[in-house]
Amino acid sequence: MTAETRLGVCNLCEAICGLVLTIEDGAVSSVRGNPDDPLSRGHICPKGVAIADVHVDPDRLRRPVRRDRVSGEWREIDWDEALDLVADGLAATINQHGRDALGIYLGNPNVHSLGSMTHGVGLVKVLRTRNKFSATSVDQLPHQLMAHLMFGHQLLLPVPDIDRTSYFLVFGANPMASNGSLMTVPDFPQRLRELKKRGGQMVVFDPCRTETAKVATEHHFIRPGSDAWVLLAMVHVLLREGPTTVPSYAEGLADVDRAVQFFTPERAEAASGVPASDVERIARNLAAADGGVAYGRVGVSTHAFGSLCQRAINLLNILTGNLDSVGGAMFTSPAIDLIGTGLAGRGHHGVWRSRVRGLPETGGEFPVSALREEVTTAGEGQIRALLTLSGNPVLSTPDGARLDQALAGVDFMAAVDIYLNETTRHADVILPPTSSLERDHYDLVFHALAVRNTARFTPAVFAKDKDALHDWQIYRELALRTVARLEDKPSLKARLLLRARLGVSPTRLIALLLARGRTGVTLKKLRARPAGLDLGPLRPGLLPHRLQTRDHRIVLAPLLVLDDLRRLIETPLPGADELVLIGRRHQQDCNSWLHNTQRLTRGKARHQLFMHPDDLAGRSLTDGSLVTVSSRVATVRVEVLATDDIMRGVVSLPHGYGHTTNPGMQTAAEVPGVSINDLTDPERLDISGNAALSGVPVTVS
């Protein structure tokens, strides 16, 4: 046996940690963090260690498979047959029923794959359906909508300058487990220790005492869905007490002042349970800090007022002078600038609406909460065929059980995925791409959201099988073959341009994009420094020229958000003995997958319903018993765990549990528990269209 060392990258979460892999006899024998990586600095989490398990996973599909609709059996087929079957099915649906009869769902892994970013987007565009859905609308849509409305671009997202801040105010985020989200911050535990060492503070608002809350300077329990009251009350305090620092290129301050007059700290206390004195004190502390920043993530994005929360967080950073300022909320200067180059669209909202419920699109996508009804409701524009790209919406989107039933009725379905799961089991054909260790990688998105400016190109660790295709090759072939079968096909010139564009490899595109940049980074330089290039800390003074609004001004009071304040005021608060449900995620799994990886799932069970002991006692329930949890849409059974880490009146289930890994195959295994999305309600939405997964009313018996 011979051993060698190769550098890799973990693309299982947003932290994009650099890896050092030991290869023995053609297989990965060990994985450790790369200390020379300028961003991750040697950090690694359990998922990074398990990335080699995905590569050799016996459950991973390596050849295309086709399902027999009568027997339900799967068999391997060759690539030409598989690609032709999918192109035939997609084109037949479009030719017979129109382009909107095709639905497309994009899962979270797409943004972690270079080929999906460069070529998957091209496939989606060429199919021209308006029925597009993605994991964005169960995760981060309020962030993107507010970035679009306030700063002019859906990806112009301010990032906490965590390495230099002195006061880190956190709402509904758990970076100790996630290593950041819409804030690429690998090795958050060490960065937090450095913050405290320089005398800084981290203040956390969360209805659960998470890993982050446990190491915070102070933690405040807050009722799910009430964050907007507290955040707006903090804005109220800043405007009432002054002075505030508003840049000359911001407009609408008077509208903000009028809008927040109602949201006093006392009213915030009644809604949230957070004492008014704490609301006032923390607002003052943020304003007085020498470089402070407010940050909110999944916990505030995934409830009914996520957009109000994200707008208020932006306001806190602006009014305290902490936007575009050292230690505050800053913007990156990436080697490949998706915004400045126009590679990513600015975004829009409500240009068209969904057929059944009339829900507005955001950034060209409908809320995934509307997917089921668009499949099951007859009429022109009904989804009759579905293409899923690396996603499992049955397990990860609201009311998944009924979506599961709906997908059984589509005329045709195809999936690009490495696994057979609750969603892809309905496919007629599954096209599996190579694993992440078999393809080149550059993070187009997460370098643009990182807490430090860096760039890194990682060549494939292993050569792909000769009978395997990269994801970009699959997308290229599907696009070309489907277009060739359309009755209303593009012109010959357009088809030739499409072929030429999709024929360029992702690695070649990265070289071209780097050459267009202003940082001096080239692919040659990155190949010479595979651990990555350090381009320095985030730079202040990028505004106003970085703004993408027409007049390069920040819009402090978008009309859409002002109009939504009335809904917040009129929404009744939960009763004293009512329970509401929130989700949770773990460092040792990844959204709705990796539950079949023994390295990650060993140890104590993590699937239980969290419930405060007083709430258990009030219902004559005992710790460890099997309980029934019911929402408006469903009922599940699960073990309950008594813990004072959850506030009274709140219960918590994890995301993505209670499923079958590799359903329909001999290696199938049951994962214990249930998913929060067995109970979430597709009718509960934020104005952005994001699913309100947090704060769902439930009963427990």
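These questions and answers cover cysteines and salt bridges in a predicted model. Local features need pLDDT of at least 70, side-chain atom pairs count only at pLDDT 80 or more, and totals for chains, interfaces and linings use all residues. Residues are numbered from 1 along each chain as its sequence is written, and side-chain values use heavy atoms, with hydrogens and water left out.

Q: How many disulfides does the rule give?
A: A disulfide is a pair of cysteine sulfur atoms within 2.5 Å. By that rule, the count is zero.

Q: Is cysteine 309 buried or exposed?
A: Cysteine 309 is in no disulfide, and the nearest cysteine sulfur, that of cysteine 208, is 18 Å away. Buried means under 20% relative accessible area, exposed over 50%, and partly exposed in between (1.4 Å probe, protein chains only). At a relative accessible area of 0%, cysteine 309 is buried.

Q: How many salt bridges does the structure hold?
A: A salt bridge needs a side-chain nitrogen of Lys or Arg within 4 Å of a carboxyl oxygen of Asp or Glu. The total is 41.

Q: How many residues apart in sequence are the parts that glutamate 194 and arginine 41 tie together?
A: Their side chains form a salt bridge at 3.6 Å, N to O. Helices (H or I, at least four residues) and strands (E, at least two) are DSSP runs, numbered from the N terminus. Glutamate 194 sits in helix H7 (residues 188–197) and arginine 41 in the loop between strand S3 (27–33) and helix H1 (46–49), so the parts joined are apart in sequence by 153 residues.

Q: Which strand holds arginine 66, the salt-bridge partner of glutamate 81?
A: The two side chains meet at 3.7 Å, N to O. Arginine 66 is partly exposed at 31% relative accessibility. Glutamate 81 is in helix H3 (residues 79–97), while arginine 66 is in strand S4.

Q: What separates arginine 258 and aspartate 255 along helix H10?
A: The pair forms a salt bridge at 2.3 Å, N to O. Arginine 258 is exposed at 57%, whereas aspartate 255 is partly exposed at 31%. Both lie in helix H10 (residues 253–260), three residues apart, so the separation is about one helical turn.

Q: Which residues are linked with Asp80 in a network of salt bridges?
A: Aspartates, arginines and a glutamate take part in this network. Linked with Asp80 are Asp84, Asp88, Arg476, Glu477, Arg481 and Arg485.
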